[in-house]
Amino acid sequence: MRFTHETLPQRVVFARGDAATALAAEIAALGATRVMLIASAREAALVAPITAALPVVLHHDEVVMHVPVEVADRARTAAAAAGVDAILTVGGGSATGLGKAVALASERPGGLPILAVPTTYAGSEATNVWGLTQGTTKSTGVDDAVLPRSIVYDATLLTSLPAELSVASGLNALAHCIDAMWGPRVDPIDQALAGEGIRGLAGGLPVIAREGARQGALVQGIEQTLYGAYLAAVAFASAGSGMHHKICHVLGGMFNLPHAQTHAVVLPHVLAFNAPNAPEAERRIAAAFGSSTAVEGMAALRAAVDAPRALRDYGMPEDGIAEAVAPVLAAIPPDNPTPVTEQNLTALLRAAWEGDPA
Ligand code: NAD
């Protein structure tokens with residue numbers, strides 16, 4: 001065996017029902033006294049109780065999906081004008097992403113540390129990947145300056161996330177685990193983390209999706225899902241984007257599709273496509289689901305949570321299938337387990353568009 005695995009330095013705090021105390025401790029440990037809070041106005045009710053006692057000098061609430069450059073520029077200008085010494089993000093991947101854009105551009109000596117309080121399962125808080133969108137083109141890059149110093153997970157903050165969005169977002173996290181299994185830099189540590197991530201997500205998500213889950217059980221299900229989502233992101237950041245993420249990246253950019261739902265629809269199709277030629281990944285995924293095959297485990301989870309099924313339901317036009325084939329083909333890593341052709345990729349995209357079973 002020969003591989004090199006890099007572990008990113010980060011504090012991870014689980015503090016159910018107590019984000020306020022945990023955040024105060026993390027900010028004190030950083031020595032920060034002028035905090036920029038990035039949180040959308042939509043999350044105001046979640047934010048006020050957990051930030052009231054913190055040294056927040058600026059609350060920036062313009063948060064937009066995929067971080068348009070002009071939104072990032074306004075946030076960067078506001079941060080510089082207020083002389084902030086730390087960034088606190090509260091929200092989903094869009095809020096974390098804006099925090100990363102501000103940290104990336106900071107000229108402050110030693111950088112601008114980020115503290116992240118996630119309120120979805122997107123997982124951006126555990127990666128050193130940033131994204132910015134100019135017009136309809138999204139660029140991403142890797143820079144350790146954007147890796148949050150600390151994450152505070154408080155499952156009670158996600159009880160307000162609607163079940164449908166929780167399911168889509170949790171399946172976005174599952175996509176990190178599955179794609180990590182054959183990502184371009186995958187190693188056995190990534191696969192171990194991804195397998196445990198699948199266990200957490202497969203255990204927690206059905207509880208969240210179940211109508212009428214008792215409050216106590218619901219919060220436990222959310223916490224288990226957050227644990228899975230964190231592991232998923234760590235595995236994915238290390239292994240790199242595989243076929244699944246390349247497809248979703250191209251489709252999302254071309255047709256302005258919603259991020260989490262696009263992942264949720266495409267995932268079972270990529271799993272069914274690659275599993276026959278990725279026996280080690282297949283074995284690990286099946287074991288994590290506790291099912292006889294990976295595809296069966298995925299199908300059972302999707303049925304239990306009533307997963308999103310068809311890209312056409314989210315605004316992708318039918319002629320988009322043919323339009324997407326060439327850019328997707330160009331982006332897929334050459335060592336993908338199943339060789340990709342124009343023909344088999346078209347069939348996969350059509351099945352995802354129609355909502356056929358994988
Ligand atoms: P999002 O942050 O846009 O949130 C989706 C919606 O949920 C928003 O309307 C938001 O207001 C609402 N919401 C969030 N938390 C809530 C809560 N607790 N209760 C009620 N409503 C709530 O979407 P997302 O799926 O979390 O993140 C998607 C973005 O993150 C994309 O831009 C994606 O590219 C990026 N992302 C980046 C990475 C990375 O490593 N850099 C990883 C994953 C996702």
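Reader: In strand 8, which residue is the bridge partner of alanine 116?
Author: Isoleucine 151 is the bridge partner of alanine 116 there. This is a predicted model, in which local features need pLDDT of at least 70 and side-chain atom pairs count only at pLDDT 80 or more, while totals for chains, interfaces and linings use all residues. Residues are numbered from 1 along each chain as its sequence is written, and side-chain values use heavy atoms, without hydrogens and water.

Reader: How many bridges join strand 5 and strand 8?
Author: Strand 5 and strand 8 (residues 150-153) pair in the parallel sense over 2 bridges; pairing requires at least two bridges found by DSSP. Strands are DSSP runs of E with at least two residues, and helices are runs of H or I with at least four, numbered from the N terminus.

Reader: And what pairs with strand 5 over 5 bridges?
Author: Strand 4 (residues 86-91) does, also in the parallel sense. Isoleucine 87 has isoleucine 114 of strand 5 as its bridge partner.

Reader: Is strand 5 buried or exposed?
Author: In strand 5 (residues 114-118), 5 of the 5 residues are buried, so the strand is largely enclosed by the rest of the structure. Buried means under 20% relative accessible area, exposed over 50%, and partly exposed in between (1.4 Å probe, protein chains only).

Reader: Which residues of strand 5 point one way, and which the other?
Author: Ile114, Ala116 and Pro118 point one way, Leu115 and Val117 the other.

Reader: Changing topic, how many residues has the largest nonpolar core?
Author: This core has 91 residues, being buried Ala, Val, Leu, Ile, Met, Phe, Trp, Tyr and Cys joined through side-chain atoms within 4.5 Å. Helix 7 (residues 215-239) gives the most to this core, 11 residues.
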